[in-house]
Amino acid sequence: MSSTSSTRPSITAIVAATAQNGIGLNGGLPWRLPGEMKYFARVTTGENPSEAPEQQNTVIMGRKTWESIPSKFRPLKGRRNLVISSKGVDVSNSPNTTSHTSLPSALSSLSSKSSRTFLIGGSQLYTACLTSSPPMVDRVLLTRILSPDYQCDAFLEEFTSHSNSENGKKVWKKSTHEELQDWLGFEVDEENEEKGTKYRYEMWVLDQ
Ligand SMILES: NC(=O)c1ccc[n+]([C@@H]2O[C@H](COP(=O)([O-])OP(=O)(O)OC[C@H]3O[C@@H](n4cnc5c(N)ncnc54)[C@H](OP(=O)(O)O)[C@@H]3O)[C@@H](O)[C@H]2O)c1
């Protein structure tokens with residue numbers, strides 16, 4: 001990860017996490033929230049996705065997250081899918097999907113025409129990108145699961161504690177809900193409830 005340069009692409013992490021930063025259980029998600037899944041799909045696909053794969057948004061994920069997506073839903077449609085694995089993954093049957101043995105290799109494959117790049121998990125990849133100095137991610141779309149307190153065995157690094165405020169450079173700042181909607185390009189409720197699960201959509205940006 002040391003080979004990133006000033007030309008690095010802007011990367012947005014998108015993640016749903018409990019108050020304890022729990023994000024996964026037994027290799028999958030601890031919750032089933034169809035409305036939140038629709039939000040994820042709409043945000044990562046973009047409002048007017050191009051037919052041309054090289055102009056579509058990109059989703060980058062670790063090998064375990066790729067494997068956790070049911071085969072009928074992968075690759076994630078309307079998006080370029082990049083899978084990171086040190087050993088490589090066979091994606092020959094998955095259109096619009098490439099496998100990369102490192103993050104720098106994945107990032108260098110990004111087309112300048114690709115609109116937005118999202119890091120979609122899991123725990124290992126979020127940690128690598130959020131704790132590097134400077135972070136490889138400059139925006140986090142966080143769905144904060146407020147209740148219940150789901151049991152988890154995979155966790156999100158507390159990224160706000162990895163800001164560089166001590167050397168006067170970059171600090172994670174929570175945006176307003178209006179700023180989130182402006183960036184998304186559509187309106188969404190801030191506070192939500194599905195089948196007894198309460199959650200809130202947040203956006204955090206790395207302030208220069
Ligand atoms: N709540 C959410 O928003 C959310 C989102 C996504 C995932 N999740 C959850 O997160 C959990 C999975 O997370 P995880 O940490 O176990 O797996 P992961 O990050 O999805 O995948 C880990 C694998 O990715 C590859 N990898 C990661 N970093 C790499 C690097 N820097 N260079 C090369 N390869 C790299 C390695 O594959 P190889 O072993 O093949 O080398 C590694 O074993 C699941 O429970 C999933 O449901 C939650």
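What you're looking at is a predicted model, where local features need pLDDT of at least 70, side-chain atom pairs count only at pLDDT 80 or more, and totals for chains, interfaces and linings use all residues. Residues are numbered from 1 along each chain as its sequence is written, and side-chain values use heavy atoms, with hydrogens and water left out.

**Stop 1: a strand residue**

Select Thr18, which you'll find in strand β1 (residues 11–18). Helices (H or I, at least four residues) and strands (E, at least two) are DSSP runs, numbered from the N terminus. Is Thr18 buried or exposed? With 2% relative accessibility, Thr18 is buried. Now show what it touches, where contact means heavy atoms within 4.5 Å. Setting aside residues up to four places away in sequence, Thr18 has Trp31, Arg144, Ile145, Asp149, Tyr150 and Cys152 as contacts.

**Stop 2: salt bridges**

A salt bridge here is a side-chain nitrogen of Lys or Arg within 4 Å of a carboxyl oxygen of Asp or Glu. How many salt bridges does a search of the whole structure find? The search turns up five.

Pick Glu67 and Arg63 for one of them: the N to O distance is 3.1 Å. These two sit four residues apart in helix α2 (residues 63–68), so about one helical turn separates them. Glu67 is partly exposed at 45% relative accessibility, and Arg63 is partly exposed too, at 27%.

Next, select Lys174 and Glu202, another salt bridge, with the closest N and O atoms 3.8 Å apart. Lys174 belongs to strand β9 (residues 171–174) and Glu202 to strand β11 (residues 197–207), so this pair ties together parts that are 28 residues apart in sequence. Lys174 is partly exposed, at 44%, while Glu202 is buried, at 5%.

Show Lys174, Arg200 and Glu202 together and you have a network of salt bridges.

**Stop 3: one more strand**

Go to Glu191 in strand β10 (residues 191–194). Glu191 is partly exposed, with a relative accessible area of 46%. Apart from neighbours within four places in sequence, Glu191 contacts Leu146, Tyr199 and Arg200.

**Stop 4**

Most residues other than glycine have a negative phi, and most peptide bonds are trans. Now look for exceptions. The peptide bond from Gly121 to Gly122 is cis, with omega near 0°, and Gly122 is in the loop between β6 (117–119) and α4 (123–131). Ser133 and Pro134 are also joined by a cis peptide bond, with omega about 0°; Pro134 is in the loop between α4 and β7 (139–147).

For positive phi, select Asn21, which isn't a glycine but has a phi of about 65°. Asn21 is in the loop between β1 and β2 (22–24) and is buried, at 8%. Finish with Lys195, another non-glycine, whose positive phi is about 45°. Lys195 is in the loop between β10 and β11 and is exposed, at 62%.

Terms used. Buried < 20%, exposed > 50% of the residue type's maximum accessible area, 1.4 Å probe, protein only.
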